[in-house]
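Try each task before you read its solution.

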Amino acid sequence: MKNCICMTLFLITLHILSTSLKAQDSESEDLHSLNVIPKIEIVLVQGIGSAFEFPVGKSSILEVGAGLGIGYSNISNAETWVVDKPVVYAKGIYKLYYNRKKRLKKNKSISNNSGNYVGSRIKYASNELNTTNPNAIVNELQNVVLWDVRWGIQRTIYKRLLFSLSLGVGYGHNLDIDFTFPFYEGDISFAYKLRN
């Protein structure tokens, strides 16, 4: 019951955020369009991977990506460094930009999808790739799906070098032991844009 209530609140929050910002979407017709950006990224604490941003609206982007990084432990259900036990992750992030018009008025750059956004992320992290005991019923790191709402910024540092920061809250579901847990999220990433 608690999980159902939390998920309902999560969906209501996401709906309120998207509907409250639709008015700004209709005002943004005079803005330069958002860009398609293939990139290689390092997400501090999360891992290393590649991602692809593409516009799905006048003020919104869908970012999909995959890579190698941290896993989730069945002991603490918390992020754990996995230098010797890498996991594969896949993610999808919906970003709704809300301040691009303001940035233009202040003569600030909106290149490379620079701006502030609200959004939602879904991420899958696998269990450990090099299991020390292949016959173990429960591995130390397990299959987890995470879903969060977030606020973030994206900026161009230098030509093709991008910086992103995001903060969020959400719920995770451990698929191996059927356990749900709340979490706080904080991402700092540096990315290299692969083409102009």
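Let's start with a term: buried means under 20% relative accessible area, exposed means over 50%, and partly exposed is in between (1.4 Å probe, protein chains only). Keep in mind that this is a predicted model, where local features need pLDDT of at least 70, side-chain atom pairs count only at pLDDT 80 or more, and totals for chains, interfaces and linings use all residues. Residues are numbered from 1 along each chain as its sequence is written, and side-chain values use heavy atoms, with hydrogens and water left out.

**Exercise 1.** Work out whether Asp-148 is buried or exposed, then find its salt-bridge partner.

*Solution.* Step one: the relative accessible area of Asp-148 is 0%, so this residue is buried. Step two: look for a salt bridge, that is, a side-chain nitrogen of Lys or Arg within 4 Å of a carboxyl oxygen of Asp or Glu. Asp-148 has one with Arg-121, and the closest N and O atoms are 3.0 Å apart. Asp-148 sits in strand β9 (residues 144-158) and Arg-121 in strand β7 (residues 115-125), so the pair links distant parts of the chain, 27 residues apart (strands are DSSP runs of E, at least two residues, numbered from the N terminus).

**Exercise 2.** Find out which Lys residues pair with Glu-53.

*Solution.* Step one: Lys-39 forms a salt bridge with Glu-53, with 2.7 Å between the closest N and O atoms. Lys-39 is in strand β1 (residues 37-43) and Glu-53 in strand β2, so this pair ties together parts 14 residues apart in sequence. Step two: Lys-95 bridges to Glu-53 as well, with the closest N and O atoms 3.4 Å apart. Since Lys-95 belongs to strand β6 (residues 87-97), this bridge ties together parts 42 residues apart in sequence. Step three: zoom out. Lys-39, Glu-41, Glu-53, Glu-63, Lys-91 and Lys-95 are linked in a network of salt bridges.

**Exercise 3.** Describe the surroundings of Phe-54.

*Solution.* Step one: Phe-54 lies in strand β2 (residues 47-55). Step two: its relative accessibility is 26%, so Phe-54 counts as partly exposed. Step three: list the contacts (heavy atoms within 4.5 Å). Leaving aside residues up to four places away in sequence, Phe-54 touches Val-36, Ile-61, Leu-62 and Val-64. Step four: take Val-64, which is 10 residues from Phe-54 in sequence and 8.7 Å away in space, C-alpha to C-alpha.

Key: Helix = DSSP H or I, 4+ residues; strand = E, 2+ residues; numbered from the N terminus.
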